[in-house]
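Please have the model open while reading.

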Amino acid sequence: MRAIQDLKAEPRSGTGKGAAFRVRQQGKVPGVLYGGGENAQETVQVSLRELERHVSTGTFLTTPFMLDMDGKKTRVIPRDVQLDPVTDRPVHVDFMRLPKGAIITLAIPVRFKGQESSPGLKRGGVLNIVRHDVEMRCPADNIPEFIEGDLSELDIHDTLHISAFKLPEGVKPTITRDFTVASIVAPTSVIEEQRAAAAAAAAAAAAPVAEEAAPGTAPAEGAAPAAGAAGAAKAPEKK
């Protein structure tokens, strides 16, 4: 289960671009706190340095936080973070409350094990990852860091479906069908060789068979004379 991280926040007064600009001038990031069965939407601000540290992990949007605001702690999860297009630093963040028993939809990363035992990979096959993450419905108390697929039994042309993954209790994919997450494919060199061989076989099958006439055989009745025959015939004498 993904561990809950602590993050301090402060109430923010004022809205609009001017108020947000003043917050950023103080080394903080404006944000919004909403959801969780509460109608009230609160404006907050968090430390830019602290927020940057969490965003840099690459798992910010799937990590639950305990937001400490003036001693009042609220469990939340980030739903959006806006980055400056030039500096790539956070300029705004949205948090959603996570009350007890809440269900949240998140994109959970996919990892793999058993590469060293996979018959397909041993034979030179290539792991083709169809989904690097899978959208899951997760209980707020049981958000997985990742889901892991086992490749140890997969040969070339075998596929790994979501049904082969052991999911934590209460965690379910949003897609109900048994979709493919990864497969073992033949290496490119083998595929190209197979294509070339198939193309050569098709060309050979389509080519007409040339028939050679037997030496000394007279041309069939009505057939055109052989090349040079007309020239070889003696022209009639003029009288």
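A nonpolar core is a set of buried Ala, Val, Leu, Ile, Met, Phe, Trp, Tyr and Cys residues joined through side-chain atoms within 4.5 Å. Buried means under 20% relative accessible area, exposed over 50%, and partly exposed in between (1.4 Å probe, protein chains only). The model is predicted: local features need pLDDT of at least 70, side-chain atom pairs count only at pLDDT 80 or more, and totals for chains, interfaces and linings use all residues. Residues are numbered from 1 along each chain as its sequence is written, and side-chain values use heavy atoms, with hydrogens and water left out. Helices (H or I, at least four residues) and strands (E, at least two) are DSSP runs, numbered from the N terminus.

**Nonpolar cores**

- The largest nonpolar core has 27 residues, of which Ile 104, Phe 112, Met 136, Ile 147 and Phe 165 touch the most other members.
- Two or more residues of this core come from each of strand S7 (103-113), strand S9 (133-139) and S13; S7 gives the largest share, five residues.
- Neighbours within four places in sequence aside, Ile 104 is in contact (heavy atoms within 4.5 Å) with residues including Ile 77, Met 96, Leu 98, Met 136 and Ile 143.
- Another core, of 16 residues, lies apart from the largest one, and Phe 65, Leu 67, Val 76 and Phe 95 are among its members.

**Strand pairing**

- Two strands pair if DSSP finds at least two bridges between them.
- S7 pairs with S9 in the antiparallel sense over seven bridges, with Ile 108 opposite Val 134 in S9.
- S7 also runs parallel to strand S10 (residues 147-150), joined by four bridges; here Arg 111 stands opposite Glu 148.
- An open sheet of three strands, with antiparallel pairing, has the order S8-S13-S11.
- Strand S8 (126-129) and strand S11 (159-161) each have a single partner strand at the edges of this sheet, so one side of each lacks a neighbour in the sheet.
- S8 and strand S13 (residues 180-185) are joined by four bridges, and Ile 129 stands opposite Ala 182 in S13.

**Helix H1**

- Ala 19, Ala 20 and Val 23 are buried in helix H1 (residues 17-25).
- Seen down the axis of H1, the buried residues fall within an arc of 100° (taken from the directions from the helix axis to the C-beta atoms), so they line one face of the helix.
- Lys 17, Arg 22 and Gln 25 are exposed on the other side of H1.
- Strand S2 (28-34) and strand S3 (42-47) are included in what covers the buried residues of H1.
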